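Please read this briefing alongside the sequence and the model shown below. It is meant for a reader who is meeting the structure for the first time.

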Amino acid sequence: MTDRLPSGTRDFLPDEMRELRAVTDRVRAVFERAGYGEVYTPALEYETTFTRAHMDSGRPAYRVFDEHGNVLVLRSDMTVPIARLVSTRYHDVEPPLRFCYFAHAYRGVRPQRGQSREFLQAGIELIGAESPQGTAEVLTILCDALDAAGLKTYRVGLGDAALYPNLLDRLHVEGPDRRERILTELADGDFVGLQREVTALGLSPDDAALLLTVPQTRGGPEVLHALEGPLEHAATGMRAVHAELAPNVANRIIFDLGLVRGLGYYTGAVFQVYDPAYGVPIGIGGRYDDLLGQFGRPLPAVGFSLNVERLHIALTSEERGRPT
Amino acid sequence: MNPPLRIAVPRGALFNQTLDLLDRLGITTQDVRTNDRKLLFDEAGIITMRPSDVPTYVEAGAADLGITGKDVLLEQSERDLYELVDLGYGECTMVLATVAGADPAAEALRRLGVMRIATKYPRIATRHFLETGRQAEIVEVKGSVELAPLAGLAEGIVDLTASGTTLKENGLVVREEIVRSTARLIANPVSHKLKAGAIDALLERLDEV
């Protein structure tokens, strides 16, 4: 008789551990060299810590009670615990603060999909640094870390979480229901549904076309031209970040005006790491300028997290290439 | 050299119209048409499979683009995919059907509080009865679902119908229309970012034909 593991969890044996360790060692060296000190926080937090963060998705899925009846959760990311840490242990320290982490996070999974309930994240948080310099610093370290890990063909999609809501504001699309329906279609990647919802708004053909084409606009710096006029301001933010980047980092960037997904606490720049050898994103990041304020120390902040197992898969997929 | 995009093409009801469309887009399908057994056509950038497998291949990035019915996408709504275009063909409707005459499903609901519904689309069926506030026991079958109400397995069926011929031949009538379906062009989200040029060029040609 074999004792089973919960679905979405697994054991890691020496061959795999050795390879994962080699990846995290190289990434850690990059973080440390850039002045990001490693922190660790408990896997268990009070549930109230996570409710404070107002996450739309990626909320904690696992709850337990302690001996006093308090509800504890298994952390679903490291950004929220680090926001808590800053407000308690660094409340009188002059920013900017730089932290890195290598820690497991826990999420609910959809059944039968090979998703992990427990996954290792490697990431950094830069607290107290405004855009564009802070965002550019984090994007640079992201690329340095991926280079050090040995990933060759990766690209970083850069978008702005505020862009589409701002566009809806400018076109006077009001009412929480209509906006919610439009943003849901967008988050689901359903452009057919988006077209249906936008048509129902009865806007002028030009405005309707803008709502439909902007989220499908992605590519090099030339795509920012699509934002001239009504969204000049959003383009300014992304251009400013891009202007701060060294060529080796700037060349990795794909501007992605449809990048709206995230964890709800993102306020400005958002980014996602892709590799053509692997069909799913390897990492995610962005600015969360309002989150620290929820914990009593309002500071602008930006960070990213890499999914180490996915990074490992992408590295091995690059070696193999797509079978033809 | 292989083409820049790999497209998952559904065999079955959507097959011929999909190949016609690809021809108009300038993708050569001659090989695919004449070769029933082969599944992978590297020169054309086409892989063929049953329609319900298309989202699986596209989500994993084993194909960049795919064509499948909206019914399949609704049944697999948790998949992380972009739905790019309603291609318009392959029109059909998801319906609730029961045997003609007095509606046995309605009677079961009235007298027993629950109706038994056989279907190949358990998630669409479950959602429909939840949304309309009725208790239904969903019985999943893999083959000819029309048999279920005739043999007494269920009082009704939820199934896809294009012309209604199969329903009529089995003495079944449509009681409710649940959702209309057409063929959709879907994309892997990572391919959509990294192969933007090739995908947008294809979408432009699609607008023209």
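The notes below begin with the numbering and then take up the sheet, the cores and the interface.

This is a predicted model, in which local features need pLDDT of at least 70 and side-chain atom pairs count only at pLDDT 80 or more, while totals for chains, interfaces and linings use all residues. Residues are numbered from 1 along each chain as its sequence is written, and chains are lettered from A and ligands numbered from 1 in the order in which they are written. Helices (H or I, at least four residues) and strands (E, at least two) are DSSP runs, numbered from the N terminus.

**The sheet of chain A**

- Chain A holds an open sheet of 9 strands with mixed pairing, in the order β1-β5-β6-β12-β11-β10-β7-β9-β8, where two strands pair if DSSP finds at least two bridges between them.
- The edge strands, each pairing on one side only, are β1 (37-38) and β8 (218-219) of chain A.
- β1(A) runs parallel to β5 (residues 97-106) of chain A and is joined to it by 2 bridges; A:G37 has A:F99 in β5(A) as its bridge partner.
- Helix α4 (residues 133-149) of chain A packs on the sheet, touching β6, β7, β10, β11 and β12 of chain A, and its direction makes about 20° with that of β12(A); axes are lines fitted to C-alpha atoms, for helices over the stretch in contact, and angles run from 0 to 180 degrees between N-to-C directions.

**Nonpolar cores**

- A nonpolar core is a set of buried Ala, Val, Leu, Ile, Met, Phe, Trp, Tyr and Cys residues joined through C-beta atoms within 7 Å, and a residue is buried if 20 or more other C-beta atoms lie within 10 Å of its own, with C-beta atoms placed from the backbone.
- The largest nonpolar core has 117 residues, and those with the most contacts inside it are A:I124, A:L142, A:V156, A:L311 and B:V58; α4(A) gives the most to this core, with 9 residues.
- A second, separate core of 23 residues includes B:M94, B:V158, B:L172 and B:I178.

**Where the chains meet**

- 19 residues of chain B are in contact with 18 residues of chain A, contact meaning that the C-beta atoms of two residues, placed from the backbone, lie within 7 Å.
- On the side of chain B that touches chain A, β5(B) gives the most, with 5 residues.
- The residues of that side of chain B divide into 9 nonpolar, 3 polar and 7 charged, where Ala, Val, Leu, Ile, Met, Phe, Trp, Tyr, Cys and Pro count as nonpolar, Asp, Glu, Lys and Arg as charged, and the others, Gly among them, as polar.

Conventions:
Buried ≥ 20, exposed ≤ 12 C-beta atoms within 10 Å, placed from the backbone.
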